[in-house]
Structure formats: structure tokens, C-alpha cells
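Here is a short report for a reader who has not seen this structure before.

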Amino acid sequence: MVEHPSALRRLFIGGNYLFLAALAILCVFPLIHVLAVSFSSSSAATAGQVGLWPVDFTTRSYSFVANEPAFMRSLFVSLQRVALGVGINMLLAVMLAYPLAKEARDFRWRTFYVWIFVFTMLFNGGLIPTYLVVQKTGLAGSLLALVIPSAVNVFNVILMLNFFRGIPKELLDASYIDGAGHWKTLWSIVVPVSKPVLATVALFAIVYHWNEWFYGLIYMKHTDDYPLQSYLQTVIVQKNFSELAAQDVSLLGKVSDRTVKAAQIFLGSLPILCVYPFLQGYFMSGIVMGSVKE
Amino acid sequence: MRKVKSMLALGMSAMLIWTTACSDNGNNGNQASSSPSASASPTSSASAATESASPAFDPMAKYEEPIVLTTAAFIRDGAEFPQGDSIENSVWTRLYKDQLGINVKYDWVTSDTPEVRDQKMSVSIASDSLPDLISVTARELQMLVEAGSVEDMTAVYDKYASPLVKENLEINNKVALDAATFDGKLMGIPNTTKGGGVEGVQMVWVRTDWLRNVGLEPPKTMDDVLAISKAFTEQDPDKNGKKDTFGIAFNKNIYDGFAGVEGFFAGYGAYPYSTSTTMWLDKGGKLEYAGIQPEMKDALAALQTMFKSGQIDPEFAVKDGVKVAETVTSGKIGLYFGQFWNGSWPLNDMNKSAINADWKPFPIVSKDGSPAHPYLTDPTPKEFYVVKKGYKHPEAALRMLNVYFDNIYGDNAKPDGYHTITEGDKKIEVFSYAVIRGNKMNNNIVAYEQVTAALKSGDSSGLKAEYKDYYDRMTKINQGEIGDSWFLVPIFGENGAYAIIKDYMSSGTIISNAFTGSPTPTMVERGSTLKELEHELITKIIMGAASVDEFDKFVGDWRKLGGDQITAEVNEWFEGK
Amino acid sequence: MGTSAWKREWPLHVMIWPGLLIVLIYSYGPMFGFAIAFQKYNLALGIWKSKWIGWDNFEYLFHYPNIGRVVWNTLSISVMKIVVGQIAPIATALLLNEVRKAVFKRAVQTMIYLPYFLSWVILGGIMIDLLSPSEGIVNQFLAWLGFERVFFLANNDWFPFVLVFSDVWKEFGFHTIVYLAALTAISPALYEAAVVDGAGRLKQTWHITLPGILPIVILLATLSLGNVVNAGFDQVFNLYSPVVYESGDIIDTLVYRLGLLDFQFGLATAVGLLKSIVGFVLIAISYVLAYRFANYRIF
């Protein structure tokens with residue numbers, strides 16, 4: 001890079017740091033607020049008195065959530081789901097992206113295949129028909145129901161295929177000349193140089209499988225089988241009086257919606273906070289990528 | 001990820017219905033117990049005991065060959081079980097097996113969050129995997145009946161329901177059973193734990209400490225209410241030197257059991273309500289929709305004036321119940337219309353804050369001081385137990401219900417063990433784990449009567465265990481030890497919410513929704529549109545964005561866009577009764 | 001054509017088939033459900049037995065008062081979100097790219113991703129407070145600057161902007177990740193050559209960086225275009241109220257109020273179908289345009 005930064009450049013760099021720091025803080029403060037609520041008492045939370053710092057500090061909502069054995073069970077289920085889901089997701093994404101990244105002359109059916117997948121991004125049969133299919137294929141009630149139907153994420157595939165396209169032809173040709181077939185080339189050449197996109201897709205897949213809760217509740221038969229976020233949904237007092245009558249009068253006075261919900265959110269984003277910095281290392285290692293124009 | 005998410009929202013984005021969970025559209029009926037540690041004991045209720053003559057056969061007989069009954073459960077947060085128990089293995093499942101010979105199997109157990117419940121039911125019905133016995137909503141019942149998927153329970157009910165059960169399901173002119181009757185046939189058993197009592201009536205909640213500060217008395221007429229609202233806005237009732245309080249609270253849903261408009265409108269002789277149910281009035285033999293009656297205009301005008309003079313939070317239209325609760329608990333509100341349960345939420349939370357609010361409920365009032373008419377928008381339960389068509393033993397459902405009533409409300413009810421189980425110093429409520437349940441109507445009212453009497457006389461010896469618990473807790477409160485139980489005071493105490501409800505009942509002023517049938521075809525098709533029209537109009541008028549005269553235009557639109565059609569259908573139902 | 005071509009290509013086909021199979025079963029399979037759009041669907045009767053009503057659901061939709069307003073809102077809000085929603089992450093990625101200190105860079109990257117995890121249920125509540133005309137920080141700031149206070153959430157002029165900016169704020173971290181990955185993939189050799197040629201940072205950005213991520217920009221923009229009929233139900237639902245229906249009511253919130261509360265599956269499915277068609281057509285058009293004019297296959 002430039003050896004001696006000009007004054008203007010230094011000004012820019014300084015301003016840049018400031019701006020980015022401010023932006024980051026802007027993004028973080030609602031989560032800090034949520035964190036504060038999760039450690040506050042329910043009355044303070046209901047009165048909206050909590051700002052960025054807990055009021056009437058208490059770990060009640062966390063212990064309420066974490067003390068249940070069901071919590072640990074669901075945590076374990078989530079870990080299984082993430083491991084399985086992310087694994088399958090990435091495997092399929094790689095296996096789909098590689099052929100689809102080829103040019104039409106090297107793979108004559110690619111455009112046809114691509115549109116088959118893209119179509120599904122826009123058109124979705126709906127919850128009930130999907131449930132029926134899942135049920136008929138015997139997956140309902142098992143973890144597979146949460147992992148197989150969503151195994152192909154077209155967005156991820158498209159992302160990946162774009163990156164694969166950028167890999168210099170010379171690298172691939174060298175591999176073919178050495179007698180390697182597509183499969184070997186994919187795994188020994190393409191994948192190792194694609195760390196940024198693999199890290200990206202992995203991150204998205206982890207986030208999805210960790211946070212998705214709705215299908216967990218629909219497909220699983222017993223609360224024992226719920227992944228974490230699904231379980232957490234059941235823990236929150238639903239102050240919904242509109243369709244339900246008769247809440248137990250005293251139950252209403254119990255745990256506040258907001259502090260437990262806040263704890264839930266925090267738990268939901270925690271793994272990302274742990275995983276993301278780790279994955280960022282992969283973003284740093286660049287690959288040799290030429291122009292993408294055909 | 002995002003794409004996947006947005007796809008999933010297609011069609012069934014009811015995923016977000018749960019956000020309505022944060023808004024309170026109150027409508028509570030009875031509940032099985034108002035105390036977490038009450039246990040059932042022989043009832044001394046007013047109804048005559050009719051069980052002395054034992055029927056020719058025992059409706060609670062055991063099956064000689066054990067039968068299997070499948071069901072499913074929606075359990076709510078923090079559902080606790082005694083050590084080693086679960087919903088599939090509870091005191092109730094054991095009871096059913098040992099006493100009745102019924103093996104209960106759970107097809108699924110999932111969360112009770114509203115939108116999950118609806119979706120889970122939807123997929124279950126659609127995939128033809130409903131269990132043998134389950135509780136469904138009115139609309140689901142309608143669909144199931146139309147498709148012929150549920151058993152006709154008429155004969156089974158007549159033959160097998162115990163007198164105690166019948167007594168409870170047939171109150172109020174059998175309105176609950178009617179709601180489940182199609183073409184003269186009873187297709188489901190009303191689930192009286194989901195509404196159907198008289199407690200869903202309005203009252204006005206006022207901070208009496210503020211009243212004292214501004215030198216006013218509790219309201220006896222609507223003019224009083226208006227005066228109080230004005231005073232609370234302008235005279236610094238919290239004495240902090242700042243003009244930061246409002247006169248009256250409403251939330252964005254307009255119709256709601258907390259900070260709703262119903263009680264206010266009732267003061268002007270208008271009784272509108274439209275959420276999932278709509279309010280219909282009997283005007284000389286013909287039913288008319290309450291929301292288009294001329295009396296609405298006066299009330300609307302009053303609200304508009306109040307808004308203009310700053311008595312209503314200018315941001316009310318964007319705040320749902322939870323948000324409005326914040327303004328209440330942070331000490332900005334001293335008056336609003338709501339229902340009995342407000343004592344538990346949100347007002348109970350205030351008790352733990354530094355503000356010394358003294359909230360009390362009062363009967364609603366009218367313009368001229370004559371008795372106002374609180375109104376009951378949902379006199380029927382919202383859910384019904386159905387038995388899957390083809391199930392060999394539909395009477396099993398009634399047997400189980402009999403056993404439930406017997407153990408919770410019957411003369412020989414066992415105090416501990418079926419309602420609540422004590423483990424160490426923890427009391428665990430188990431009554432809700434029964435597969436089929438019901439509420440003894442007006443249980444809370446009786447509780448109120450007896451406990452109040454006992455507190456007055458100091459003699460608690462005659463009290464059932466459940467009521468004794470209230471008594472004990474209220475005594476503690478009177479001695480200054482409030483703890484978490486403050487809500488008992490405004491709800492069960494002397495001059496509390498139940499006293500008010502009891503007065504309403506004995507004075508016969510309660511207006512009950514004249515329409516208790518299932519949604520008519522046009523209601524299903526157009527109901528939401530009309531409701532939206534109404535909601536938008538009322539909000540706009542209150543905020544001054546529309547003049548009160550636009551109400552007339554609204555009435556015309558309402559009629560045209562389906563209202564007349566619905567009225568015709570409703571009256572058809574009415575005549576067929 | 002010829003067997004040698006097939007011989008070369010068959011592994012590629014085989015790689016696709018597992019994913020294809022899953023998609024055929026679980027994405028195409030359920031599409032029979034579109035029939036619901038043409039039915040008076042009864043859950044218990046199912047698709048086979050529910051009454052067929054042809055285009056009735058669609059007609060009801062088209063004749064619904066305010067449908068025009070709602071569609072316009074949806075499209076305009078969406079387009080604004082797409083445009084602003086691309087600019088923000090690109091700018092952020094570029095700025096982050098200039099940062100040398102790895103720790104700072106990682107910290108900022110992580111922090112800006114965080115709002116993505118907050119649901120609109122929570123954010124809605126926070127925003128109502130923030131934007132409150134009486135006590136909200138934003139208005140207090142405005143007042144301090146000498147401006148008049150604005151009731152953002154009840155103001156039809158401001159509401160769409162509130163939607164756009166808060167949504168971008170929530171989502172831009174997600175897109176920044178993608179752009180950053182793209183940036184790191186640009187060959188350092190190109191930059192070195194540019195430096196040798198005497199190009200300053202700004203020139204480098206213009207001639208190397210931007211073109212380098214252009215394909216990704218087009219890709220994300222196109223995919224967002226397919227999403228243009230959605231406009232973000234979650235967000236709008238939690239922030240809107242009847243006062244701002246005029247500018248904020250979108251297709252999904254309307255459908256929600258009309259259909260879903262009463263189990264009106266037919267209507268909801270009809271709307272979904274229409275939206276899918278529009279989205280798909282837009283994507284197809286973009287693809288063709290990009291190919292014809294820039295010789296770039298988006299996917």
C-alpha cells in the first residue's frame with residue numbers, strides 16, 4: 001500500500017474509525033437494552049423503566065429458563081440440529097454449486113437445472129401441503145423433518161456458484177490434465193480455495209438452524225424433542241386474552257413476559273457471537289480470483 | 001436464509017399472530033381456580049344436590065376391557081409436574097386408567113402459544129390425524145362438522161353426562177350447548193374453561209389515591225368520569241409538579257379487556273364490540289349490529305373532545321395493551337375501563353414498584369345515573385371438545401368429564417391430589433392436565449361471597465379449602481403482608497371486582513350478546529373487512545382525523561359491504577332458535 | 001451431442017441429483033397446494049373435497065377497496081428498501097475494508113450483525129419509545145436542534161421512511177458479510193499493479209473494488225427484486241396502526257387482517273400465488289437483461 005499516508009488519508013482513516021465505531025454502537029445498543037431488561041425485575045420492565053442498565057438486578061429470568069431440565073434437553077437437540085443441518089446444507093450447496101458454476105458448453109443442462117432451483121425460491125406450496133408431504137414421507141416427528149426439507153438453500157447455492165465461477169480456469173484445467181475427475185477436483189481444488197464463501201454459507205446455515213423455532217413446534221410430537229428456540233417459545237407467558245378466556249388469575253401475576261423474552265433473545269444470539277469471530281478468520285484468507293466476466 | 005424465511009411466510013404468515021399475544025383483547029370467563037394453591041373440597045354451592053338418587057346405571061363405570069383413547073395437549077409455559085410425572089403420566093391419566101379403564105395416549109404435546117396452536121391444529125386436521133378427543137375452536141368445529149369428521153354427541157350426552165355436569169353446561173338457557181348444536185345435533189361438548197361465564201363484563205378502574213389528591217369522589221355518572229378524566233389530566237394528580245399524566249387510557253385495539261372503549265360506550269347506551277366475535281342486540285325481536293347504532297355518535301363525540309384536550313395519550317393509536325400497561329405502571333394513568341382480571345395484570349406489577357397506587361374497580365356508569373348496562377360479548381365458550389368420527393367409545397369422553405367434575409366440584413371432591421398436589425412447600429396445580437375439563441360456573445362469585453363473609457365475621461371454619469386459602473392470604477394482606485397477592489384485594493375483596501359483578505348479576509343489568517351461533521358464511525367472508533372499517537373509523541374520529549358525522553357514512557358502507565347480508569343471516573339463525 | 005460429452009458430464013449430473021431429489025419432493029411436491037387458491041378450502045375436507053370456486057378468491061381480492069393503495073405501498077416501500085438496503089452494506093464493506101486493525105474490524109463486523117437477531121416484536125416496542133413525540137430520544141434531539149417534533153409512527157409522510165431506515169439498520173449487517181467476503185476475494189495483485197501505476201486509494205476503489213463486487217451487487221439486487229412483493233410483514237405489523245394504513249399497509253398485512261384470522265386459506269393462497277408470480281417474473285427479466293447487456297449470468 002501507500003508508504004506515507006497523506007494528511008488527507010490520515011484524516012479519512014481517523015474519521016472512518018469514528019464513524020464505524022458509532023455505527024457499531026448504534027447497532028449494539030438495542031441488544032444491550034434487551035440484555036438489561038433480561039436482568040431486571042418484572043415490574044421495572046413492565047413499566048418501561050429499563051434503559052441500558054438493569055433495574056433491580058436479578059437473574060430470575062435466566063434461572064427460570066435454565067433451571068428446567070427441559071432446557072438442557074432442548075439445547076442438546078439444537079446442537080444436533082445445527083450439526084446435522086449445517087452439514088447437510090453445506091454438502092448439498094457445494095455439490096450443487098460446482099456443476100451449476102460450469103458454463104453451458106461444459107455442462108449443457110446447467111441452465112435448465114438452475115431454473116428448477118430458482119423457481120422454488122419464489123414458489124412455495126404453503127404450510128399445510130408441505131406438512132402433508134413431510135408426513136407422507138415419514139419424516140414428521142423426527143429431527144429429519146427440520147433438516148431435510150430445508151436442506152437445499154438456493155440462495156446459498158447461488159452465492160457459492162458465483163464464487164466458484166471466479167476460480168481461475170488454469171487451476172481447474174491443471175487438475176483435469178492431471179487426470180482428476182470432477183469429483184476429485186471439487187474436493188481437492190475448489191473447496192480449499194473457497195474458504196470465504198464456505199464460511200459465509202456456514203454462518204448463515206448455523207444462524208438459521210439455531211434460531212428457527214416454528215417448525216420445531218409443528219413437526220415435533222413431544223416437548224422433549226424440541227430444539228432450544230422452540231422450547232423457549234413455550235416458556236414465555238403469552239399475554240393473549242383475546243382468543244383465550246380464563247387465564248388463571250394468579251398466573252397472570254407471575255413472570256413478566258419481557259424479562260424472559262429478553263433472556264430468550266439473548267440466548268438466541270449468543271452462539272453467533274461466539275461463532276462469528278471464529279469464522280471471520282476465513283474471510284481474511286483471500287483466494288485468487290480473477291475477473292468474473294465471461 | 002431470508003428468502004427461505006419469506007417464502008415460509010406465504011399464505012400461513014399467521015406466524016405473526018403471536019404478536020397479538022402482546023395485546024390484550026380481554027375476554028375472560030370463569031376459570032377453574034383463581035388461586036394457585038386452592039384445593040377442591042365439597043362444594044357448598046347453592047345448587048340443590050340432585051345426586052342422591054343414583055341413576056339406573058353408573059355413568060362413571062369402568063370399562064371391563066380397557067380401551068384406548070388418543071388425545072393431544074397444548075401446554076403452557078412453566079407447566080409444572082410433581083416429581084416423576086409428566087402430562088402423559090399424571091394423576092389424571094392414572095385415574096382414568098384405574099377408575100374408568102381408559103388408557104389415554106397422547107398423539108402430540110406442543111406449546112400453547114396461539115399461533116402455534118392454530119397451525120398445529122390446521123395441519124393435524126388437514127392431514128387427517130386428529131386424535132380421538134380434543135378441544136377445538138368454534139370455527140374449527142364448524143369445518144369439522146361440515147366435513148362430517150366428528151361424532152354426534154346428542155344421545156351420548158343425554159345418557160352419560162352426570163347431573164353435575166349437565167347443571168354446569170346448561171346454565172344460561174343452554175347457550176353453551178346451543179353453540180355446539182348443528183341441525184339439532186350436539187356435535188361437541190362445550191369447553192367451559194374457555195369462556196362462557198359472566199365475568200367478561202366491564203368496570204372502571206380508578207386510582208383512588210389520585211382521586212383524593214384532586215378532591216373528587218368515585219364516579220356515579222358519565223359526567224363524573226369526564227370530570228375525573230379532566231382533573232387527572234390538568235390537576236397534577238401525582239403531585240410531582242409536572243403535567244405528565246393522562247385522564248384516561250385506551251389502547252390501539254380499541255376493543256379490549258384492558259383499556260378498551262367498551263365500558264365508556266356503555267355509558268352512552270352503545271354496546272359495540274367487534275374482534276373475533278361481534279356484538280348483536282335484540283331490538284324488538286330483530287337482531288341488529290351494535291356497532292352501527294346511533295348511540296355510538298355521542299360517545300364518539302365525547303372521546304374526540306377528550307382527545308383534543310389532551311386527556312387521551314396522543315400516541316394511543318400505536319400502543320398495544322402491553323405498551324399501554326407501561327404507561328399505567330409508570331404512573332401516568334389513573335382511569336380506564338377494563339375487566340376484573342386487570343387486578344392481576346397489569347396492576348399487580350404496580351404493587352412492587354415504588355409508586356403507591358391505590359387502584360380500585362367501580363361499576364360502570366351511565367349518562368344520567370341510571371344503572372348502566374355492562375355487556376357480555378362472549379356468553380358462550382370459545383372451544384368445544386370433539387370426538388373423532390368412528391371412534392368406538394364416544395361416551396368415554398363424558399365419563400371422563402363426569403369424573404373431573406366429581407373430583408373437583410363434587411360433594412366428595414378430594415381436597416388434595418386432583419386440583420393441586422403439595423410437594424414439600426410447593427403447591428403444584430394439576431387440574432389442567434385432565435384431558436377433558438369444565439368450569440363450575442360462578443365459582444369465583446361464590447368464593448367472593450363466602451370469603452368476604454368470613455373476613456367480616458372472622459370465622460373461617462365453614463370455608464372450603466380453596467376459599468380458605470383466599471381467606472388466609474387476604475388476612476395476611478390486611479395485616480400488611482402483601483407479597484405477590486395484592487391482586488386478591490381489588491378482585492375478591494369487599495367492593496372488589498366480584499362484588500361489582502355480583503351486583504350486576506342481581507340487578508339484571510347485564511346485556512348478553514344476542515347472537516351466539518357460529519360465524520355465518522358472510523361473516524367468514526367479510527367479517528374482517530367490516531371490522532377493519534369500524535376500527536379505522538373509530539380511531540380516526542377519536543383522533544380528530546375524521547368528523548363524528550362520518551359515522552353515518554360508515555354505517556352506509558358497512559351495510560353495503562356485507563353488513564346487510566350478515567344481518568339477514570344472523571336473523572335467520574335467530575328465528576330458527 | 002455425443003457420448004463423449006455425456007461421459008464428461010455425467011458426474012456433474014450425479015452431483016446435482018441428491019439436491020434435486022430433495023427439491024422435487026419437498027418444494028415441488030407441496031405445490032399441489034396452489035389449488036387451494038381456487039377453492040373454498042375446508043381444512044377437514046382437504047384439497048380433494050373442498051369446493052372449487054375458480055377465480056372467486058382472486059376477484060374478491062381485486063375488488064377489495066384499497067387494494068391499489070396497498071399494492072402501491074408494498075412496491076414503493078420494497079424498492080426503497082432494496083436500493084437503500086444495497087447502498088448501506090456496500091458502503092460499510094468498503095469502509096471496513098480500509099480498516100487495518102483486525103480486532104477493530106472483527107468487532108465492528110460482529111456488532112453490526114447483531115440487530116439481525118432482534119425480532120420486530122422487540123424492536124417495535126423499542127422504536128415506539130424512541131420515536132415517541134413526547135419522550136423519544138429522536139424527537140428530543142430534533143427539538144434541541146430547533147426543529148418541530150414529529151409523530152413519526154402516526155405520520156403518513158414519515159412512516160415509509162421509518163420502515164425503510166429501520167429495516168436497513170436491522171439487515172445491513174447480514175449483507176455486509178457477503179460483500180466483505182467478495183472483497184477479500186479480489187486479487188491483491190490487482191491492487192499492487194494499480195499502486196505501481198500510481199493510482200490512489202479512491203481510484204483503486206473505483207476501478208478495482210467496485211467492479212470486483214459488481215456481480216455480487218447485481219446478484220443480491222436481483223434476488224431482492226424477487227422479494228419485492230413482500231416488503232416485510234413482520235416489521236410493518238409491529239409498527240403500524242390504522243392511522244398509517246394509508247402509507248404503510250402492505251399486501252401481507254392486508255391479507256393478514258382479511259384472511260388468516262378466519263381460516264380463509266383460499267384467499268391467502270391466492271395472494272401468495274400472485275406474489276410468487278410477480279416475483280418470479282421480475283427475477284426472470286433481470287436475468288435476461290443482465291445476460292443480454294452485460295453478458296453476465298446471474299446464476
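## Domains of chain C

Which domains does the domain assignment of chain C give? The assignment, which is automatic or taken from a database, gives domain 1 (1–54) and domain 2 (67–294). The C-alpha centres of these two domains of chain C lie 31 Å apart.

Eight residues of domain 1 of chain C are in contact with six residues of domain 2 of chain C; two residues are in contact if their C-beta atoms, placed from the backbone, lie within 7 Å. The side of domain 1 of chain C that touches domain 2 of chain C has five nonpolar, two polar and one charged residues. In this classing, Ala, Val, Leu, Ile, Met, Phe, Trp, Tyr, Cys and Pro count as nonpolar, Asp, Glu, Lys and Arg as charged, and the others, Gly among them, as polar.

## Model and confidence

This is a predicted model, in which local features need pLDDT of at least 70 and side-chain atom pairs count only at pLDDT 80 or more, while totals for chains, interfaces and linings use all residues. Residues are numbered from 1 along each chain as its sequence is written, and chains are lettered from A and ligands numbered from 1 in the order in which they are written.

The model scores ipTM 0.81 and pTM 0.78. For chain C, the mean pLDDT (the predictor's confidence in each residue, from 0 to 100) is 84, and 97% of its residues reach 70 or more.

## Contact between chains C and A

The contact takes 66 residues from chain C and 76 residues from chain A. Helix 1 of chain C gives the most to the side of chain C that touches chain A, with 13 residues. Helices here are DSSP runs (H or I, at least four residues) numbered from the N terminus. By class, this side of chain C has 46 nonpolar, 15 polar and five charged residues.

## Domains of chain B

In chain B, the assignment gives domain 1 (36–194 + 381–433) and domain 2 (203–377 + 513–575). Their centres, taken over C-alpha atoms, are separated by 35 Å. Six residues from domain 1 of chain B and four residues from domain 2 of chain B form the contact.

## Nonpolar core

The largest nonpolar core has 323 residues. Such a core is a set of buried Ala, Val, Leu, Ile, Met, Phe, Trp, Tyr and Cys residues joined through C-beta atoms within 7 Å, where buried means that 20 or more other C-beta atoms lie within 10 Å of a residue's own, with C-beta atoms placed from the backbone. Helix 8 of chain C contributes the largest share of this core, 13 residues.

Methods: Helices (H or I, at least four residues) and strands (E, at least two) are DSSP runs, numbered from the N terminus. A residue is buried if 20 or more other C-beta atoms lie within 10 Å of its own, exposed if 12 or fewer, and partly exposed in between; C-beta atoms are placed from the backbone.
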